[in-house]
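Please look at the sequence and the structure below. The paragraphs that follow lead through the fold and then the surface.

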Amino acid sequence: MKIGKKLIVKLSLAFIILGIAFSFLGFASSGFDTDNYKTNQNNWYRVVRFD
């Protein structure tokens, strides 16, 4: 099977669209709340912290 440039372009676009769709589903499952994605600098598992 010969892999052409068009196949590579189609596959890459399909993976980009799937990634965007999964990201949107994850954001929708959080209730469209951006506060859920804020990082906490004082987590218990952080041993070393750079300021």
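Glycine 31, which follows α1, has a positive phi, near 80 degrees. The model is predicted: local features need pLDDT of at least 70, side-chain atom pairs count only at pLDDT 80 or more, and totals for chains, interfaces and linings use all residues. Residues are numbered from 1 along each chain as its sequence is written, and side-chain values use heavy atoms, without hydrogens and water.

The protein contains one helix and zero strands; helices (H or I, at least four residues) and strands (E, at least two) are DSSP runs, numbered from the N terminus. Helix α1 covers residues 5-29.

Of the 51 residues of the protein, 4% count as buried. Buried means under 20% relative accessible area, exposed over 50%, and partly exposed in between (1.4 Å probe, protein chains only). Isoleucine 3 lies in the segment before α1, and this residue counts as exposed because its relative accessibility is 56%.

Note on methods: Expected span 1.5 Å × (residues − 1).
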